[in-house]
Amino acid sequence: MAGVQVANVSRSFGAHKALDDVSIDFADGGFYALLGPSGSGKTTLLRQIAGFDFPDSGRIAIGGESVERVPVEKRRIGMVFQNYALFPNMSVADNVAFGLSVRGEPKATIATEVQRALDLVQLGKLGGRKPHQLSGGQRQRVALARAIVTKPRVLLLDEPLGALDKALRVDMQIELKRIQREIGITTIFVTHDQEEALTMSDRIGILRDGRLVQEGPPEEIYDRPESEFAATFLGDANIFRGNATGSGIKLPDGTTIAASTGASVPAGAKASCAVRPERIRITTGAAKPDPANANMLRGQVSKRIFAGNNSTYFVDRDGQTLKVIVQNTGAERLAEGQPVVLSWSPDSTVLIAAA
Amino acid sequence: MATTRILEGLGRFYIVLLLGFLYLPIIIMAAMSFNASPFYQLPFEWTTDWYQSLWQNDQLIAATWNSIEIAIITTLISTVLGSMASLALYRYEFRGKKVLQALLFPPIAIPWLITGTAMLIFFFGVGIGRGLIAILLGHVALALPYVIVVVSARLQTFAPELEEAARSLGANQWQVTMRVTLPWIMPGVIAGGLFAFAVSFDQFVVSYFLSTPGQTTLPVEIYAAIRKGFTPEINAVSTIIIVVSMALMLLTARFFKFGGEK
């Protein structure tokens, strides 16, 4: 088991910069998500760490050992592929045994280790089956058992749950997390699903156009996004753009929005503010100024989407549509077209420097 | 519906006609190989004399062994070389790959008469001349494109992640090929081998150009025998060849479902 250090890694394919000076530290035993839209470079980064492809420049170390020119078969990593990539001609047990067998381990050792790995993923009795006789979720578990049976230093997962349906995905998320905790292996997990990244990982790295946009624990990125992209890609956010005042921003129409978290931007410079939809209070009638919710805007409900435990209101305000999520507390619901007052705390407002 | 039944009847009649057209000459030939009269006279009188006299025809037997040996060696060489070539074309990007791939196919379309003439001239030019070695080289060259086409078609259904998965588990290139890739393309390799065997064993034109009296293959020998005067022995040997060839083709169909999953 070991940590992984990626330092200033760049990789181009022709004129396309797939990775542009990416540095990221994966601490020993952590569960990391690499999150980004397609084409953001997250899979390219995973393939550099795995050793399927080598960076043009930069350094990659596993457990302190430089590996950027070491081919995959010598890196002692475990990898789970999006489509599982189980060997169709081999039984489940032979699939899991493959990594030990190419190393020339004795047969008895292989048999014990394979059984242990299959038990860990709760497939102890299916060793004799062929991959095509398994369900999607079971194949996923076999792929995982095969990747960890060799006791790799790092476990790499390339959108491993992408091919499963929603209910099975949630099961596998919990299962994957349990197994990862049990063996304590450093795990790097590529996904484009922000919910998956939020619920599963200790830390998230957000990538965009080959660059690392932000990296940190899920709570930190969610509560204090450093860019409009991070704010809107991980969760939903209302973005206001204007000029910094020193304690917030001033919108073009003169309204000021106070922000007490986020970047410090010199007064006068272009800046934006991000507010999560669930942090905004929505009220009707004349609102009294409230120091706890000092930011206040007037608008008009344009649409309401009811989702059982909550409702999303779309509120039009000066050409901008704002999103507000209100928990279903039994309070009266607002009708479309109704004038409303939106208010929220400066503590819930994140100041972001213009890119 | 009356019309449907008429159409169905017509369809059946057509299939019977087609099968008759394809197989009637062969069936008659096979039947005559067991008929006592050397002049195809009826009534039919059962005999295995022609098969027995075939057994005493040393020239024909020598040619048969030549054909079998050449076909087997051709199969081995072209299957190994062809499969290796297919793997290389599948795995690697290199300069001139497209040109090379394009150049592989025309030999299948070029008339054997022309290929045979060209080989004869070439082999004389480089000092190999005619004979069994020349025939063998010619057959390997003819069979290679078939093997490459068939194995490459099978490789198209191979998921490259399988090789990556094997490598991530620590397998070197040799282990990856032998334990993951080869088992997957095996039906294609076997089918390619059977094609190669058929191309060589059935080959007349190129063999005719490259053989010398005494160093010849079965099809050429049969042709020579017919020119001298027809005997039912030829029926007998042809029947044997047909049975063997059909068995091979059935095997091919069994092993290779043209790119489909096994």
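Predicted model: local features only at pLDDT ≥ 70, side-chain atom pairs only at ≥ 80, totals over all residues.
Figure 1. Chain B has a mean pLDDT of 85, and 96% of its residues reach 70 or more. One stretch deserves a careful eye: over residues 258-262 of chain B, the pLDDT falls below 50. Beyond near neighbours in sequence, this stretch makes five contacts in the model. For the complex, the predictor reports an ipTM of 0.83 and a pTM of 0.78.

**Figure 2. The helices of chain B.** What kinds of elements make up chain B? Here you can follow twelve helices and zero strands. Tracing chain B from the N terminus on, the elements run α-α-α-α-α-α-α-α-α-α-α-α.

Figure 3. How does its radius of gyration sit beside that of a compact globule of 262 residues? The globule would be near 18 Å, whereas chain B has 23 Å. Of the 262 residues in chain B, 32% are buried. As you look through the contacts, consider those between residues at least 6 apart in sequence: 79% of them join residues at least 24 apart.

**Figure 4. The two assigned domains of chain A.** Now we turn to the other view. The centres of domain 1 of chain A and domain 2 of chain A, taken over C-alpha atoms, are separated by 40 Å.

Terms used
Residues numbered from 1 in each chain as written. Chains lettered and ligands numbered in written order. pLDDT = per-residue confidence, 0-100. Contact = placed C-beta atoms within 7 Å. Helix = DSSP H or I, 4+ residues; strand = E, 2+ residues; numbered from the N terminus. Rg over C-alpha atoms; globule rule 2.2 N^0.38 Å. Buried ≥ 20, exposed ≤ 12 C-beta atoms within 10 Å, placed from the backbone. Domains from an automatic or database assignment.
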